Amino acid sequence: MTETPVPPGTTTTAPPPSANGSKPSAPPPPRRRSTHTRISGLRTGLIAAVLVLIVVMIFIIQNTHAVNISFLGAHLHLSLAVALLLAAIAGALVMAAAGTARITQLRQHMRRDRHNSQVS
């Protein structure tokens, strides 16, 4: 019987048989942990923002004709795309203000509950 050469640094001993006499199964491969960090989240957000910006720029370039806008006595002559973009920004600011108010309300409620539980 001929022996095959073994590379240096490896062992040639077989694993011991298990209690029932069969060979033990190979250990499962180590699980890869997904590494989600703040920086990776920021990078993903920036990529999404750039894609949205490209879509908005295409929208503005394609909608350049001017429209007359009247709002609360103010009369403006703007590009349709700019007018819609300003309306979207105003809507986002209103939603951000409402979300901030709700978060502030919840934090005050949590502080009140924490204070009441410490006093009791």
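Author: Let us begin with the elements themselves: helices and strands are DSSP runs, numbered from the N terminus. In this predicted model, Leu72 belongs to the loop between β1 and β2.

Reader: How many helices and strands does the protein have, and in what order do the elements run from the N terminus?

Author: The protein has 2 helices and 2 strands. Read from the N terminus, the order is α-β-β-α. Helix α1 covers residues 38-62. Strand β1 comprises residues 66-71, and strand β2 comprises residues 74-79.

Reader: How do strands β1 and β2 run, and how many bridges join them?

Author: Two strands are taken to pair if DSSP finds at least two bridges between them. Here β1 and β2 run antiparallel, and 6 bridges join them. Two of the facing positions may be located in the model. Val67 stands opposite Leu78 in β2, and Phe71 has Ala74 of β2 as its bridge partner.

Reader: What is to be noted about the phi of Leu72?

Author: The general idea comes first. Most residues other than glycine have a negative phi. Leu72, although not a glycine, has a positive phi of about 50 degrees. The hairpin of β1 and β2 in which Leu72 takes this value has 2 residues between the strands.

Reader: Is Leu72 buried or exposed?

Author: The cut-off for an exposed residue is a relative accessible area over 50%. Leu72 has 78%, and therefore counts as exposed.

Reader: How is Ile69 to be classed, and which residues is it in contact with beyond its neighbours within four places in sequence?

Author: Ile69, which lies in strand β1, is at 24% relative accessibility and so counts as partly exposed. Leaving aside neighbours within four places in sequence, Ile69 is in contact with Ala74, His75, Leu76, Leu78 and Ala83. For Ile69 and Ala83, which are 14 residues apart along the chain, the C-alpha atoms are separated by 8.2 Å.

Reader: What is the count of buried residues in β1?

Author: The count is 0 among the 6 residues of β1, and this strand is hardly covered. For the protein, 3% of the 120 residues count as buried.

Reader: Is Asn63 buried or exposed?

Author: Buried means under 20% relative accessible area. Asn63 has 17%, so this residue is buried. Asn63 is located in the loop between α1 and β1. Not counting residues up to four places away in sequence, Asn63 touches Ser79, Leu80 and Ala81.

Reader: How far does the backbone oxygen of Asn63 lie from a polar atom of the side chain of Ser79?

Author: For a polar contact, the limit between the N or O atoms is 3.5 Å. The backbone oxygen of Asn63 and a polar atom of the Ser79 side chain lie 3.1 Å apart. Ser79 is placed in strand β2. With residues up to four places away in sequence not counted, Ser79 touches Asn63, Thr64, His65, Ala66 and Val67.

Reader: Which residues form a nonpolar patch on the surface?

Author: A patch is made of residues with over 30% relative accessible area and no salt bridge. The nonpolar patch here consists of Ile47, Val50, Leu51, Ile54 and Ile58, which together have about 440 Å² of accessible area. One of these residues, Ile54, lies in helix α1. Ile54 counts as partly exposed because its relative accessibility is 44%.

Reader: Where is Met57 placed, and how is its accessibility classed?

Author: Met57 is in helix α1 and is partly exposed, with a relative accessible area of 41%. The C-alpha atoms of Met57 and Ala81 are 9.4 Å apart, and the two residues are 24 residues apart along the chain.

Technical notes. Residues are numbered from 1 along each chain as its sequence is written. This is a predicted model: local features need pLDDT of at least 70, side-chain atom pairs count only at pLDDT 80 or more; totals for chains, interfaces and linings use all residues. Side-chain values use heavy atoms; hydrogens and water are left out. Patches are made of residues with over 30% relative accessible area and no salt bridge: like charges are joined within 9 Å, nonpolar side chains (Val, Leu, Ile, Met, Phe, Trp, Tyr) within 5 Å. Accessible areas come from the Shrake-Rupley method with a 1.4 Å probe; for residues, only the protein chains shown count as cover. A salt bridge is a side-chain nitrogen of Lys or Arg within 4 Å of a carboxyl oxygen of Asp or Glu. Helices (H or I, at least four residues) and strands (E, at least two) are DSSP runs, numbered from the N terminus. Buried means under 20% relative accessible area, exposed over 50%, partly exposed in between (1.4 Å probe, protein chains only). Contact means heavy atoms within 4.5 Å. A polar contact is a pair of N or O atoms within 3.5 Å; within protein, one must be able to donate a hydrogen and the other to accept it, and residues adjacent in sequence count only if both atoms are side-chain atoms.
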